Amino acid sequence: MHSTGMRRRVGAVATVSAVAAMSLAACSPSGEGAETVVRIANPITDFWGDPLQEAAAVYEEQNDGIRIEIDSVPYDSYEEVLQTQLVGETAADILFLEPPAVANFSGRDFLLALDDELSPTTEWGETFVSGMLDATRSPDGRQYVVPWSSVAVLIAYRQSEFSAVGSNEAPVTFSEWIDVMNRLESEPAPLNVSLRGDDASLFWILTNKLEATLRPLTEDINLLHADDWAYDPDDLASTLGETYTTDELYVAFETGLIDPAQSPGYRAAVEQVVQLSPFINEDSATVQPADVAQRFGAGEIPQLIGVGGTIAEVGAEAADSEDIATFNLPTITQDDFPGLAAGGENPLAGPRNGFAVNAASEVQAEALDFLRFLTQPDTVSDMYRVQVQGDPSAVDGVAYPDDSVLQETDGQEFAQISPYGFGAPPTFDTQDTDEFHAQWQSLLTGNSSVDEFLEDRSASNRAALERNLVLEEDSIDQSFIDEQLGQ
Amino acid sequence: MLTPALAFVAVFIAYPLLRGFYKSFFDYNGGNVDRFVGMKNYIELFNDPAVLPSFVNVFWLTVALMLNQVGVAFIAAWLIHHLRSARLQYAFRIVVMVPAVVPTIVGFLIWSQFLSVDGAVNRILGALGAEWLIGNWLGDPDRVIIGLILVGLPWLNGINCLLFLAGLENIPGERYEAARLDRASRWQILRYMEIPAVLPQMIVLGVLAVVLSLQSYENVYVLTGGGPFDSSNVPGLLLFKNAFTYGRFGYANAIGVLLVVVIAVILLAGRMLGRGGEDR
């Protein structure tokens with residue numbers, strides 16, 4: 001009896017093991033005749049889901065034995081999910097990433113460095129819009145991202161409502177915008193925003209201003225530059241090959257150049273944005289970004305700050321879509337801040353995004369080959385025809401559909417190197433970003449003063465830079481830091 | 001027979017617990033940083049300005065949860081128990097279980113609409129003439145915890161209610177008869193007969209409510225994300241953020257260890273309380 005039971009158990013274990021072994025063999029990419037699977041993690045399913053599927057189908061047709069699998073991950077929890085998968089070594093081979101995530105993951109060696117494949121002088125590097133590679137470089141100075149698009153941040157508005165208060169042309173400067181809002185009906189609030197952590201509409205305004213007010217300091221911050229480098233804000237090529245590294249940023253912070261508590265440019269940018277507080281909706285701390293977009297679409301509010309994609313979508317669905325037009329984020333001027341010596345705000349200083357390759361991927365070569373295919377101008381042009389898009393491509397020579405909102409979008413006007421990753425909020429890592437959201441909410445809802453905000457930002461920025469120094473200790477030039485800080 | 005269960009506990013409960021404790025002495029980011037830092041995480045934990053407010057918040061949420069998990073469920077069970085109609089009793093047993101079939105997250109999302117500035121809660125307050133109470137329940141740091149407590153009103157936990165009901169129905173009918181002959185008031189029956197009959201359930205459900213409340217953060221995560229400006233953070237959310245948003249697994253483990261210690265103390269206290277109840 002005992003031995004029969006034992007034999008049954010052994011038999012059962014053997015059967016399960018055999019089935020498991022066969023299943024694993026069937027899944028293995030190295031098996032004879034088996035296909036190689038390249039997985040892509042994509043959180044932007046509403047805009048890039050279908051176009052990506054179609055591009056993948058074309059690629060699979062051209063490449064026998066390769067299958068492109070797209071993992072759709074909800075945007076809201078994307079970074080947390082991805083981080084968990086990266087730590088557990090189960091993440092996809094290709095990862096769609098936005099700035100804070102690139103800095104977060106590259107600092108922890110989760111991403112493959114692509115400097116050899118993607119320098120501006122390589123064939124692949126020449127595929128991209130000028131300056132895009134430098135603009136997407138990480139704080140350690142390396143290239144991890146295959147640029148995909150620049151997020152265009154715009155303001156959509158109803159022309160009739162602006163005209164009714166005597167504003168027949170869209171505001172260009174921040175003062176003009178405030179003037180319009182003073183004249184717009186106060187109920188509902190003329191500027192509806194969501195100040196929840198997951199909405200970017202309002203902090204982009206601050207980031208844009210900071211890029212402008214800190215731009216005159218470019219040469220003072222970028223101390224570890226090429227020998228013959230010289231900066232010219234009016235020459236977009238003058239920042240090619242240059243980036244702010246963590247050691248430079250740390251020195252710039254400690255010497256007060258970019259320390260929120262000490263920098264006059266930082267204060268000027270914050271003081272300007274705080275002027276928006278009286279015009280902001282009462283429920284700004286709790287309302288969802290999608291609800292704000294819906295209010296605009298339904299005609300309840302006169303204007304909407306948003307990314308091009310959202311604006312294109314909401315505008316197309318609105319009953320009075322002909323009345324809707326867009327304008328760029330209104331700029332700070334020298335009248336507002338005399339130190340603005342290197343141009344105003346760049347309209348397209350919003351975040352860039354792109355694809356990175358998982359450093360633990362076993363199919364890195366195949367992943368890179370697919371990304372080369374994906375960033376060909378013809379492929380991108382085809383993808384833009386699949387669905388309305390609001391963000392301009394990072395790839396040069398893309399033909400946009402005739403009805404695209406992108407035709408109206410201005411490009412970058414002034415050369416700049418961003419102190420804050422590449423278009424992220426003014427922060428240096430994910431924790432800093434989280435703290436920023438809380439401080440930002442508090443400031444704009446009148447629960448803290450500009451001085452308190454700047455002090456809090458200063459403490460958070462310093463802590464984040466110190467964390468980055470630890471993460472990037474292999475590439476940090478400590479002697480440079482000591483020399484600059486006189487230690 | 002016990003071996004598989006013990007193995008399961010060892011692999012999925014004991015090992016993560018011990019490893020979490022071990023890793024709480026490390027600066028560990030899940031990637032390229034994994035270094036022993038001794039008590040640094042614990043020193044930071046006790047100096048972190050976010051920790052104490054998070055425990056204060058969870059204290060109020062726990063008090064509220066205990067009251068509704070035990071108090072409201074018991075009151076509902078007591079009312080059902082004293083219904084004369086057996087059919088009505090049966091119907092109410094089903095009714096109290098209805099909220100349990102709504103997925104928790106869906107419930108939170110519905111309540112986020114109820115508590116919005118132009119949501120049902122403010123409209124009801126307006127209709128009742130209590131305009132002075134109208135406000136931004138989840139967006140005002142002074143009332144966000146009250147807003148979180150309001151979630152789930154009338155807070156009826158069907159399972160707990162049925163457990164109390166089972167306890168009340170175990171009281172023999174003869175005892176009620178004897179109490180009536182002794183001219184005991186309804187309050188005396190409740191105080192000396194019914195509450196002692198369900199006291200073990202009360203202690204167990206109370207302790208479970210405390211443990212559940214200390215561990216949970218999903219209500220806060222979905223409804224406020226810890227905001228506005230970190231005013232509704234709870235320890236579980238701090239742990240989650242440090243581990244899965246900031247990649248500070250070592251520090252998150254230290255928060256986890258602190259939570260385990262707090263929960264263990266409460267469990268021990270509950271056990272001692274239970275023994276006291278048995279002795280009586």
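Two strands count as paired if DSSP finds at least two bridges between them; strands are DSSP E runs of at least two residues, helices H or I runs of at least four, numbered from the N terminus. This is a predicted model, where local features need pLDDT of at least 70 and side-chain atom pairs count only at pLDDT 80 or more, while totals for chains, interfaces and linings use all residues. Residues are numbered from 1 along each chain as its sequence is written, and chains are lettered from A in the order in which they are written.

**Exercise 1.** Find the bridge partner of A:Pro147 in β8(A), then work out why β8(A) is largely enclosed.

*Solution.*
- Start with strand β4 (residues 146-150) of chain A: four bridges tie it to β8(A), antiparallel. A:Pro147 pairs with A:Gly354.
- Now take β3 (residues 94-97) of chain A, also antiparallel to β8(A) over four bridges. Here A:Leu97 has A:Gly354 as its bridge partner.
- Check burial (buried means 20 or more other C-beta atoms within 10 Å of the residue's own, with C-beta atoms placed from the backbone). A:Arg352, A:Gly354 and A:Ala356 are buried on one side, and A:Asn353, A:Phe355 and A:Val357 on the other.
- So β8(A), residues 352-357, is largely enclosed by the rest of the structure, because six of its six residues are buried.

**Exercise 2.** Describe how α8(B) meets α10(B).

*Solution.*
- Look at residues 158-169 and 186-215 of chain B: the two helix axes come within 9 Å and cross at roughly 150°. Axes are lines fitted to C-alpha atoms over the stretch in contact, with angles from 0 to 180 degrees between N-to-C directions.
- Next, pick out contacts (C-beta atoms, placed from the backbone, within 7 Å). Among the residues involved are B:Phe164 in α8(B) and B:Val198 in α10(B).

How values were computed:
Buried ≥ 20, exposed ≤ 12 C-beta atoms within 10 Å, placed from the backbone. Contact = placed C-beta atoms within 7 Å.
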